[in-house]
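Me: I'd like to learn how to read helix packing, sheets and chain contacts here. Can you walk me through them?

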Amino acid sequence: MKLELKNLSHSYDVEVLHDLNFKLDNYKSVAIIGVSGSGKSTLIRLLSGLEKPTTGELFVDGYAVQDEEYRRQVGFVFQNHNLFPHLTLKRNITLVLEKTRGIDKIKAEEIALKYLSLLHLEDQVDKIPKNVSGGQAQRASIARALSIDPDVIFLDEPTSSLDPILTHEVLTAIEELLELGKQFIFVTHVMSFVKDFADYVLYMDSGNITEHGTPDILDNPKTKELQGFMSRVR
Amino acid sequence: MKTWVDTDLTSILMNKTVSYILAIFTIVAFVTIVILRSTSGFSLSSFTPYKSLIISGFFNTIYVSIVSLFGSLILGFVFYEFSISKSKYLIAFTDVFTEIIYGTPLLVLIVISAFVIGPAFNTYNRNLMGIAALIIYMTPYMKNVYKSAFSSITEEQYMAMDLFGFTPFQRYRYIIIPQVIRILMPPLMNNFSLIIKGSALLNVLSYNELYYAIRVAQSKTFDFVEGYLLMWVIYLVITIPLSQLTKYIERRWAL
């Protein structure tokens, strides 16, 4: 995928991203890492078009991210599964497909079952989110993100609310998705997952991209910020 | 020692339907005792000539209540949207409006609407202004019903709705309403009862609703106690089926 940030700044009450300029080409799976409050969640939300930047521009694969057409092909997986709690796992997917993508009922059901099985949830399709485990709900949420056939899938700390066993279960499921030929941009605190799954890493510190490169930078950090970060996460 | 009679009696008392019948019987028995103990004779026959007046009062009360219910449901939703809007003015306006209405007796609002506000805008249709007053009076309460119900939808769910591009109608129809209907119905029913009972105050405008109709009949028959009992029973005839209907809708629409 191609990423481009131009003079990107973003503020809530205070500025959280400071005038970022950055270009990236030809990587399929980009990890954004950093301590809490470094701006990584903000960056992934801006890249997905969920939020509008205060100033500056972002481009993904040549699209301006505020473009309606781009926003319709974004898959996003939130920290908490974010499924609609009153609908079954299957209906969570078919509702989206039928109402927002105009896909007919039979086809929508077929797609829903396909992605739910891909994430090993074929036995859970008729359960509502509160009756499945956190890991299963998160996998269903990944299936929902995939069902709209997105070009890029964004994962914002998809395992931060899960225990280590469920984390492993969800991350393994994500790794299997590489075969689908999708592109990923994700935020995570699980460094082993970054090393296995990412082919490019952005390290963020206090609203700046302090260091970036292939996952090797995690083993040989050049900046003292990333050195400090790695010594703490290990 | 426990005999089969005890067991049987306990299980009968535990039965829900039987319990309800007994509870209703208790109230009916109390009312009967009160009527039997009253010194003057009890008869509703003196109201027979006023049957059509009372029936039209009954339907007018239902009509006014339903119009006010829908009016305040719509206006309440508008004010709910104001209260969550980005405009600081609209938020402030909703707050000020709510505070004023909370402190205003419905009777005062009805009289002022019909005799002061209406004429100021060349409207001398007192019944219309009376109904408008009832709608306005209920608006902040309806706004709160929406507020408490919709606040159960998390911020993240709204983000997911944004992300997939659901239209406002689809959001309410498929995602928000089905989740909140259970929370929405009980306070909505309370408010509807408030409206039905509040509509009795329209009698000050000589609007022929149930209270007014019976008061007119009472002034001719002089059977005041009977009139009020009749009025009480008729109000219950309106409110109890409604409350049952609400419970049915709640079950039907819930998850």
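Reply: Start with contact: two residues touch if their C-beta atoms, placed from the backbone, lie within 7 Å. This is a predicted model, where local features need pLDDT of at least 70, side-chain atom pairs count only at pLDDT 80 or more, and totals for chains, interfaces and linings use all residues. Residues are numbered from 1 along each chain as its sequence is written, with chains lettered from A and ligands numbered from 1 in the order in which they are written.

Me: Which residues in H3(B) meet H9(B)?

Reply: Helices (H or I, at least four residues) and strands (E, at least two) are DSSP runs, numbered from the N terminus. From H3(B), Leu53(B), Ile54(B), Ser56(B), Gly57(B), Phe58(B) and Thr61(B) meet Leu210(B), Tyr212(B), Ala213(B), Ile214(B), Val216(B) and Ala217(B) of H9(B).

Me: At what angle do the axes of H3(B) and H9(B) cross?

Reply: Axes are lines fitted to C-alpha atoms, for helices over the stretch in contact, with angles from 0 to 180 degrees between N-to-C directions. Here helix H3 (residues 51-83) of chain B and helix H9 (residues 210-221) of chain B cross at roughly 160 degrees, their axes coming within 7 Å. That makes H3(B) roughly antiparallel (over 145 degrees) to H9(B).

Me: And the sheet: what is the strand order in chain A?

Reply: Strands of a sheet pair through backbone hydrogen bonds, either parallel or antiparallel. Pairing takes at least two DSSP bridges. In chain A, four strands form an open sheet, ordered E2-E1-E4-E5 with antiparallel pairing. Its edge strands, E2 (15-24) and E5 (63-64) of chain A, each pair on one side only.

Me: How many residues does each chain bring to the contact?

Reply: Chain A brings 13 residues and chain B 15 residues.

Technical notes
Angles under 35 degrees count as roughly parallel, over 145 as roughly antiparallel, 65 to 115 as roughly perpendicular and the rest as oblique.
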